[in-house]
Amino acid sequence: MRGMLRKTVGGIAFAASIMNSAIAAEPIKVGSVLSVTGPAAFLGDPELKTLQMYVDDLNKKGGLLGRPLELVHYDDGSDANKANAFAKRLIEDDKVDFIVGGTTTGSTMSIVPLVEKAGVPFMSLAGAVVVVEPVKKWVFKASTTDRIAAERVLTDMKKRGMTKIALLSDTAGFGQSGKAQTESVGGKYGITLVANETYGPKDTDMTPQLTKIRNTPGVEAIFVFGFGQGPAIVTKNIRQLGIDLPVYHAHGVGSEEFIKLAGAAAEGVRALAPALMISDKLPGSDPQKPIVTNYVKAFEDRWKDHVSMFGGQAHDNFFIVVDAIKRAGSVDKAKVRDQIEATKKYIGTGGEVNMTPTDHMGLDLWSLRMLEVKNGTWVEAQ
């Protein structure tokens, strides 16, 4: 009995020692402000699910640097003012080690001054080039820019002999930055914008703008620059008006949800997206194949839902920081920042990332694939 008691006491002591060690290991705090509700929920929901999934996964594997991770998340409801307030809370009250978020350009840019002043590594998930140009010390994004998207679409149009196009962009930060970038690089590809219309991100009918485009002589294609439900509504309106022109979208529609929302009108539409969206169609020799295949399986197994390029961006931005922390051997913010900037040959769902002190994105023009909807699914355009 006495021996049994000693074993029991020893077991309790051992368990207490483990608990004390766990308590001593303060969590690494991952801060996040995402648009999980509101017009940008199309993007923010899979972003949050991805972060939750991988924080849980790393914790099951023992955490990072022997410490657990804690995800501290706020939903800005697609409101840039709320994003600013929540980012301030993350920095001052929650004292996070780094931030992944800023679903939209507006939310991101409201966060930028705060992280720059506080010196907190920030991985943005937004699309506009203004996020990383000019370079900001503490701000990075391993997701492509609207300038790259514009050039990638115009490259494809030029190849197909199109020289006169109509641009239809939303009036939010993403669409207006995309509009400006398309206007600035059009001449480089010998393409003229013969019609240039906009719509509000909450609009539910874009037929007035599309009617103007339909009545503009010489239009050879329509380029839509927006995200969320807007591009799907535009696509349906185009077909409803009987406009028989090639339709292109930028990198704001890369998910099965777009096809679901646009329905039969999506057939034949071309859009930009990373390799993630065609993971099952990639050849075995593609260096992104194992990365995107593993992400798709993990996400679909956990959430019983289709992946999107936006969740993939959260994956890439999160793991770039994880790798940086491993290389730094610390969560010291300055050391982590330096290691993020030193990221080389990181293969993610969005392409190969090579950052430098003058390039805080690290992706090239060909990180985006030109996809097309055929028989209700995404395929690589020919």
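The lining of the largest pocket divides into 5 nonpolar, 3 polar and 6 charged residues. (Ala, Val, Leu, Ile, Met, Phe, Trp, Tyr, Cys and Pro count as nonpolar, Asp, Glu, Lys and Arg as charged, and the others, Gly among them, as polar.) This is a predicted model: local features need pLDDT of at least 70, side-chain atom pairs count only at pLDDT 80 or more, and totals for chains, interfaces and linings use all residues. Residues are numbered from 1 along each chain as its sequence is written, and side-chain values use heavy atoms, with hydrogens and water left out.

**Largest pocket**
- The volume of the largest pocket is about 280 Å³.
- A pocket is an open set of points on a 1 Å grid over the protein atoms alone, with protein on both sides within 12 Å along at least five of seven lines; a cavity is a set where a 1.4 Å probe fits but cannot get out; lining residues have an atom within 4 Å of a point.
- Grid points are joined across faces, edges and corners, and a volume is the space filled by probe spheres set on the points.
- The largest pocket has 14 lining residues, with F42, S255, E257, D305 and H306 nearest its centre.
- Two or more lining residues come from each of helix 2 (41-60) and helix 9 (256-262).
- Helix 2 gives the largest share, 5 residues.
- Helices (H or I, at least four residues) and strands (E, at least two) are DSSP runs, numbered from the N terminus.

**Cavities**
- There are 2 cavities of 30 Å³ or more.
- The largest cavity holds about 130 Å³ of space.
- Its lining counts 16 residues, and L43, L125, A126, G127 and F174 lie nearest the centre.
- Helix 11 (residues 309-328) gives the most to that lining, 3 residues.
- The lining of the largest cavity has 7 nonpolar, 9 polar and no charged residues.
- The second largest cavity has a volume of about 90 Å³.
- Its 13 lining residues include S143, T144, P274, Q313 and G350, which lie nearest the centre.
- By class, the lining of the second largest cavity has 5 nonpolar, 7 polar and 1 charged.

- An open sheet is formed by 5 strands in the order 2-1-3-4-5, with parallel pairing.
- Strands pair if DSSP finds at least two bridges between them.
- Strand 2 (69-75) and strand 5 (139-140) are the edge strands, each pairing on one side only.
- Strand 1 (residues 28-34) runs parallel to strand 2, joined by 7 bridges.
- L34 has D75 in strand 2 as its bridge partner.
- Strand 6 (residues 164-170) and strand 7 (residues 192-199) are also parallel, with 7 bridges.
- The chain goes from strand 6 through helix 6 (residues 173-185) to strand 7 in a right-handed β-α-β crossover.
- Right-handed means that, with the strands pointing away from the viewer, the path from the first strand over the helix to the second runs clockwise.

**Backbone exceptions**
- Most residues other than glycine have a negative phi, and most peptide bonds are trans.
- S78 is not a glycine, yet has a positive phi of about 65°.
- S78 sits in the loop between strand 2 and helix 3 (80-94).
- The E133 to P134 peptide bond is cis, with omega near 0°.
- P134 belongs to the loop between strand 4 (122-124) and strand 5.

**Confidence**
- The average pLDDT (the predictor's confidence in each residue, from 0 to 100) is 92, and 94% of the residues score at least 70.
- Residues 1-24 have pLDDT below 50, and beyond near neighbours in sequence this stretch has 0 contacts in the model.
- Contact means heavy atoms within 4.5 Å.
- Where pLDDT is low, the predicted coordinates should not be read in detail.
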